Amino acid sequence: MELKVYADRMSQPSRAVIIFCKVNGINFEEIKVDLSKRQQLSAEFKEINPMRQVPTIVDGRFKLFESHAILIYLASAFPGVADHWYPADVTRRAKIHSVLDWHHSNLRRGAATFILNTVLGAALGLPMKPQVAAEAEKILSSSLSKIESIWLKGNGRFLLGGLQPSIADLSLVCEIMQLELLDEKDRSRVLGPHKKVQQWIEDTRNATKPHFDEAHKILYKAKTKFQVQRTLQANSEREESSIRKALPSKM
């Protein structure tokens, strides 16, 4: 029975799982769960994943959620997956687990919260919380610095210090790619100081092409949409300002 992947490509971990499957030739059926339409809250999806989150996989009678667990399962259960993704060596596996555990409590907490309260919140009809965004940006910036100073400090191109990516690289890079949704000024402020991170993103993209860009098309499309919306809003605000200045002031 073919593997089923329940995903929304606007979701960072969903993209990581999809890219991994495609790079490694794992046949699967992608079933879209549209988060913007709250489809993850349906009774049908709750039967598949009681946590009501994506990604989720169904492999025969086996159901699994949480992207890190899914990536580990796929790398272990399907033949033909290159060893560098999830090495047989126990010490290297332990290092991957260490990075993945750190990811959820640090990079993801900063990046996802920052994006939600600067870009995505408004699109989803949620209230924007500037103070929360400011705190999240601090966590995000600190996380990017730690990636550079701890895992990218050597001559290797990827987090384990080697020349080929692991599931940890794919998971974290997909997280950071969500910053594409930001205004270019904000993205440059956050990501600009981190040259090693930028090169690592590019290396991961090259190691997984063409699937990396294909999976991120929806993100690039959303980026363009948000840019147009910001431009229209800025133009409208300038016009209103010009009109106010042109009106005679009341005595």
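The exercises below work through a predicted model, each with a solution in steps.

Residues are numbered from 1 along each chain as its sequence is written. Local features need pLDDT of at least 70, side-chain atom pairs count only at pLDDT 80 or more, and totals for chains, interfaces and linings use all residues, while side-chain values use heavy atoms, with hydrogens and water left out.

**Exercise 1. The sheet**

Task: Work out the strand order of the open sheet and how its strands pair.

Solution. 
- Helices (H or I, at least four residues) and strands (E, at least two) are DSSP runs, numbered from the N terminus. Two strands pair if DSSP finds at least two bridges between them.
- Strand S1 (residues 3-7) runs parallel to S2, and five bridges join them. Lys-4 has Glu-29 in S2 as its bridge partner.
- S1 also pairs with S3, in the antiparallel sense, over three bridges. Here Val-5 stands opposite Ile-57 of S3.
- S3 pairs with strand S4 (residues 62-65) over four bridges, again in the antiparallel sense. Lys-63 in S4 is the bridge partner of Val-58.
- The order is therefore S2-S1-S3-S4, an open sheet of four strands with mixed pairing.
- Strand S2 (28-32) and S4 are the edge strands, each pairing on one side only.
- On average, neighbouring strands of the sheet are turned by 20° against each other, direction ignored. For such angles, axes are lines fitted to C-alpha atoms, for helices over the stretch in contact; angles between N-to-C directions run from 0 to 180 degrees.

**Exercise 2. Helix H6**

Task: Find which residues of helix H6 (residues 130-151) are buried, and how they are placed around the axis.

Solution. 
- H6 has 22 residues and reaches 31 Å from its first C-alpha to its last, close to the 32 Å expected at 1.5 Å a residue. The expected span is 1.5 Å times one less than the number of residues.
- Buried residues include Ala-133, Ala-136, Leu-140, Leu-144, Ile-147 and Trp-151.
- Seen down the axis of H6, the buried residues fall within an arc of 130°, so they line one face of the helix. The arc is that of the directions from the helix axis to the C-beta atoms.
- An α-helix has 3.6 residues a turn, so residues three or four places apart point the same way.
- On the face turned away from the buried side are the exposed residues Gln-131 and Lys-138.
- The cover over the buried residues of H6 includes helix H4 (90-105), helix H5 (107-123), helix H7 (167-177), helix H8 (184-191) and helix H9 (195-207).

**Exercise 3. H7, H9 and Thr-204**

Task: Describe how H7 and H9 pack, and say what Thr-204 is in contact with.

Solution. 
- Two packed helices are described by the angle between their axes and the distance between the axes.
- H7 and H9 pack at an angle of about 115°, with axes 10 Å apart.
- Contact means heavy atoms within 4.5 Å. Among the residues that meet are Leu-170, Val-173 and Ile-176 in H7, and Val-197, Trp-200 and Thr-204 in H9.
- Thr-204 is buried, with a relative accessible area of 0%.
- Leaving aside neighbours within four places in sequence, Thr-204 is in contact with Phe-158, Asp-169, Leu-170 and Val-173.

Technical notes
Buried means under 20% relative accessible area, exposed over 50%, partly exposed in between (1.4 Å probe, protein chains only).
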